[in-house]
Amino acid sequence: MRVAIIGGGISGLSAAYYLEQERAKGAPVDYALFESSDRLGGVMFSDKIGDCIVEGGPDSFLTEKPWASQLCAELGIANDLIGSNDSQRVTYILVKGRLVPMPDGLMFMVPTKLIPTALTSLFSWGTKFRMLGELLHPPSPVGRDETVAQFVERHFGNEVVDRLADPLLSGVYGGDAASLSVRAVLPKFVEMEEHYGSLCRAMLAARKKLAEMQKAKRYTPRPLFSSLKGGMQQLIDAIVARLDPQRLRLSTTVSQLSRKDGGWELITQRGPEQFDAVIFATPARIASTMLAATDGQLSEDLGKVEYSSSITVTLGYLREQLKSCPPGFGFLVPRSEGTRMLATTFVHTKFPFRAPDNKALVRCFLGGSKDQSVLKLSDEEITALVRKELKQITGVAAEPWFVKVYRWDRAMAQYTPGHLERIERIGVALKQIQSLSIAGNFYKGIGVPDCVRTGKEAALHMASLARDGSFGNKITA
């Protein structure tokens, strides 16, 4: 059985790795991976600038999601996993031009400690009383899908949407709270509302249970984020080292895909090639175009997945030049503040092994669904903009010893209302087309672990079909 993997980001590489593992176990399966660019890894890319490690895309992944860590263990690089410096984790919110630390006990956007919440200047007294009253919020059955903004506003009011929900989600999804589905993005919050009514009461119950588990030594706190000593690129390099270079087709664009003789025909600049099965590990819009003649509804659902673009800018400084910066991981900027910068991370504080003790890395984020036009600016214009706003917010006016700008065009999938229904329909369609699988950040989660998981699931599905000899015989009329 020959499998074509279209896309060489972390999802496609994960699929290739697990197909390689199944091949080694005796599964009658072979594969070829097609990547249109001249490098593998997609948005996962690390630069070595001087004695610093600079991330172009994601700098880490959530530790609680196991798939990326498990893959690192399988690849023999688990000893190089590093955790975020959570003892120094303080995040600030820019409020009326001033950086205000998020109060202790604030779990995502839900307050769980009375005194820190009462004393913070992050919220007005009206919002604080609203939070107190939220404790009386009655349980509510799951109804229609709504946006995160609508959900949070019902519980805590619009100020929490503006100062917390929107900037937090902008950093993760590159979107805004008014256009993201709460069921797709914050499913645990929806469950909390259904069972407890009040998110505050639900979080207090969760904190109590966690404390009991820690006391009974059934739970050991772990860092919130994980990365690798050599940067996220280390994961990409470790996967590629396990793959046969002859099966990796770089700078090869699949221009057309069609059904032929119970299998699939791919056309690239090298000509047509026959495969028994296909794994799409591309943005949904690419799969949509290629599958239009195979399944119209599937193509339509894939085509409706929206994406946002972003820019990351990393600036290198000497530590002594950042004396005006507050301690902690960095800060988030509500859109109401009127800046184009969405967030800034103090990388040298967040992770070890990123910069020597005398140097610092400041990473700034721009773009997102509300500011796509920023991508039209030149690197020089972006650098000037970032330095100007960084000076306004933190007082840092020093000349950085390097600046690196990374652009990611339509790279972040947007989980808009109705996304889960779309994904369900896509899943039904794939059951009818057994020789087709999908992986990627739009499918079952936005983060690196989710991409690894979808790639692995696609590979194991294909290996199972190969062993059964049952591929290629199911397709919608």
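Residues 24 or more positions apart account for 74% of the contacts in this chain with a separation of 6 or more, a contact being heavy atoms within 4.5 Å. The model is predicted, so local features need pLDDT of at least 70 and side-chain atom pairs count only at pLDDT 80 or more, whereas totals for chains, interfaces and linings use all residues. Residues are numbered from 1 along each chain as its sequence is written, and side-chain values use heavy atoms, with hydrogens and water left out.

**Overall architecture**

- The chain holds 16 helices and 22 strands; helices (H or I, at least four residues) and strands (E, at least two) are DSSP runs, numbered from the N terminus.
- The radius of gyration is 23 Å, which agrees with the value near 23 Å that a compact globule of 477 residues would have; the radius is taken over C-alpha atoms, and the globule rule is 2.2 Å times the number of residues to the power 0.38.
- The C-alpha trace spans about 70 × 55 × 50 Å along its principal axes.

**Surface and charge**

- Of the 477 residues, 54% count as buried; buried means under 20% relative accessible area, exposed over 50%, and partly exposed in between (1.4 Å probe, protein chains only).
- The accessible surface comes to about 20,600 Å², with 53% of it belonging to carbon and sulfur atoms; such areas come from the Shrake-Rupley method with a 1.4 Å probe, and for residues only the protein chains shown count as cover.
- The chain has 58 positive and 51 negative charges, whose mean positions are 4 Å apart.
- In this count Lys and Arg are positive and Asp and Glu negative, while His and the chain ends are not counted; the place of a charge is NZ of Lys, CZ of Arg, CG of Asp or CD of Glu.

**Helix α6**

- Helix α6 covers residues 158–173 and bends by about 35 degrees at Ala 165, with Pro 167 following within four residues; the bend at a residue is the angle between axes fitted to the seven residues ending there and the seven starting there.
- Twelve of the 16 residues of α6 are buried, which leaves the helix mostly covered.
- The buried residues include Ala 165 and Pro 167, and also Glu 159, Arg 163 and Asp 166.
- Gly 174, with a positive phi near 70 degrees, follows α6.

**Non-glycine residues with positive phi**

- Asp 261 is not a glycine, yet its phi is positive at about 55 degrees.
- Asp 261 belongs to the loop between β13 (256–260) and β14 (263–268), and counts as exposed because its relative accessibility is 78%.
- Phe 353, likewise not a glycine, has a positive phi of about 65 degrees.
- Phe 353 lies in the loop between α13 (347–350) and β20 (359–367), and its 49% relative accessibility makes this residue partly exposed.

- Phe 442 sits in the loop between β22 (436–438) and α16, and is buried at 1% relative accessibility.
- Not counting residues up to four places away in sequence, Phe 442 touches Thr 282, Pro 283, Ala 284, Leu 302, Val 305, Tyr 307, Ala 413, Tyr 415, His 419 and Ile 423.
- Between Phe 442 and Leu 99 there are 33 Å in space, C-alpha to C-alpha, and the two are 343 residues apart in sequence.
- Arg 453 is part of helix α16 (residues 448–468), and counts as buried with a relative accessible area of 18%.
- Arg 453 touches Trp 67 and Lys 444, again not counting residues up to four places away in sequence.
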